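We will go from stop to stop, picking residues and looking at what surrounds them.

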Amino acid sequence: HAKMATVPLGFNIDSPRWDQSTFVGRLKHFLNITDPRTVLVPEEELDRAKALVEGCRAGLVPPGSSWEQLLYAKKLYDSAFHPDSGEKMNFMGRMSFQVPGGMAITGCMLQFYRTVPAVVFWQWVNQSFNAFVNYTNRNAASPISLRQIGVAYVTATGAALATAVGLNLYTKRAPPLLTRWVPFAAVAAANCVNIPMMRQQEIINGITVTDENNNELGRSRRAAVKGITQVVLSRITMAAPGMIILPIIMERLEKFTFMQRIRVLHGPLQVLLCGGFLLFMVPAACALFPQRCSLALADLELELRQSIVAKHGDKVPYVYFNKGL
């Protein structure tokens with residue numbers, strides 16, 4: 001065994017670098033862990049980062065390890081491993097892949113919005129990607145069967161297609177800008193279906209809630225509903241600026257003669273502009289609500305509330321849980 005040194009005095013690997021009770025603190029945290037460059041980090045380096053983080057938790061690190069090395073290892077660990085299970089997530093499901101994956105799909109949805117076959121294809125691609133991301137970032141303490149995943153996927157894709165195709169036909173004679181906003185309406189509608197369906201086990205069985213010291217107190221369905229609602233709002237916010245503002249920009253640009261000459265570049269241009277929006281909006285939307293969500297004791301189910309009061313009296317005014325992403 002290689003010699004190990006003790007962790008630098010006063011260093012806690014799991015202590016957030018920034019205040020997670022403020023939006024700015026959470027934004028800095030998510031700018032760090034949704035950094036798209038981490039997707040390119042080799043698997044072996046991710047595994048080394050995990051070993052370093054786990055060693056640090058046990059109080060032992062390789063000799064000469066600096067705070068910067070430990071913080072970088074934690075950044076890689078947070079970007080690639082699930083916060084509940086500690087398992088490595090598929091790179092396409094990680095939040096750090098949201099910018100490259102999302103910009104390509106969103107750019108194509110905004111570019112190919114005119115014909116029904118194109119709308120159907122790109123909404124299907126988007127919902128497949130969303131379902132994968134939602135499954136990867138669920139609260140891992142609530143298992144979901146393959147059948148439930150299939151039903152969630154089909155339902156969400158159906159909702160997106162029905163909204164997109166319906167609005168596409170409805171807005172045929174509407175101003176061109178309204179037609180360009182159809183993809184956003186479809187994405188918003190699908191998110192309202194996809195995320196709750198993909199995480200239905202949490203709503204049915206509840207999710208584990210703890211006190212502020214991470215001691216388990218029971219399972220709560222109301223906590224699950226609050227967490228999932230916040231995730232839905234975050235995802236819609238993530239997509240909104242790019243899918244609402246970009247169509248206005250393209251509508252104006254396409255009136256210029258030089259833009260009419262380079263139609264073939266409109267798609268790549270929209271993809272790049274989407275990337276610019278998502279680079280900021282992915283961490284900003286993730287930061288809207290605290291990752292470690294809280295719920296007042298008074299808002300819990302009666303049975304769970306009585307159980308907590310019976311064991312702890314009035315010492316637990318709030319319960320805490322991971323809302324997922």
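Start by selecting Glu254, which is buried with a relative accessible area of 16% (buried means under 20% relative accessible area, exposed over 50%, partly exposed in between, with a 1.4 Å probe and protein chains only). Before moving on, note that this is a predicted model, in which local features need pLDDT of at least 70, side-chain atom pairs count only at pLDDT 80 or more, and totals for chains, interfaces and linings use all residues. Residues are numbered from 1 along each chain as its sequence is written, and side-chain values use heavy atoms, with hydrogens and water left out.

**Stop 1: salt bridges**

Glu254 sits in the loop between H10 and H11 and Arg180 in helix H7 (residues 176–180), so the pair ties together parts that are 74 residues apart in sequence. Helices (H or I, at least four residues) and strands (E, at least two) are DSSP runs, numbered from the N terminus. Arg180 counts as buried too, at 3% relative accessibility.

How many salt bridges are there by this rule? The count comes to 11.

Next, pick Asp14 and Arg57, another salt bridge, whose closest N and O atoms are 2.9 Å apart. Asp14 lies in the loop between strand S1 (5–6) and H1, while Arg57 is in helix H2 (residues 43–57), so this pair ties together parts 43 residues apart in sequence. Are these two buried or partly exposed? Asp14 counts as partly exposed at 40% relative accessibility, and Arg57 counts as partly exposed at 41%.

Now show Lys75 and Asp35, whose side chains meet in a salt bridge of 3.0 Å, N to O. This pair links distant parts of the chain, with Lys75 in helix H3 and Asp35 in the loop between H1 and H2, 40 residues apart. Both Lys75 and Asp35 are buried.

**Stop 2: the largest pocket**

Where are you now? The largest pocket holds about 1,500 Å³ of space, and of the 45 residues that line this pocket, these five are the closest to its centre: Asp14, Pro83, Gln291, Arg292 and Asn322. On a 1 Å grid over the protein atoms alone, a pocket is an open set of points with protein on both sides within 12 Å along at least five of seven lines; a cavity is a set of points where a 1.4 Å probe fits but cannot get out; and lining residues have an atom within 4 Å of a point. Grid points are joined across faces, edges and corners, and a volume is the space filled by probe spheres set on the points.

Colour helix H1 (23–33), helix H3 (67–80), strand S3 (207–210) and strand S6 (318–322): these are the elements that give two or more residues to the lining of the largest pocket. H3 gives the most, with seven residues. By class, the pocket lining divides into 18 nonpolar, 18 polar and nine charged residues (Ala, Val, Leu, Ile, Met, Phe, Trp, Tyr, Cys and Pro count as nonpolar, Asp, Glu, Lys and Arg as charged, and the others, Gly among them, as polar).

**Stop 3: the largest cavity**

The structure holds three cavities of 30 Å³ or more, and about 280 Å³ of space lies in the largest cavity. Select Gln98, Thr106, Met238, Ala239 and Leu278, the closest to its centre of the 19 residues that line the largest cavity. Helices H4 (98–111), H5 (116–136), H8 (182–198), H10 (221–253) and H12 (266–286) are the elements that give two or more residues to this lining. The lining of the largest cavity has 11 nonpolar, seven polar and one charged residues.

**Stop 4: two loops**

Pick Asn214, in the loop between S3 and strand S4 (216–220). Asn214 has a positive phi of about 70° although it is not a glycine, and it counts as exposed at 54% relative accessibility. Then go to Leu300, in the loop between strand S5 (292–296) and helix H13 (302–312). Leu300 is buried, with a relative accessible area of 0%.

Conventions. A salt bridge is a side-chain nitrogen of Lys or Arg within 4 Å of a carboxyl oxygen of Asp or Glu.
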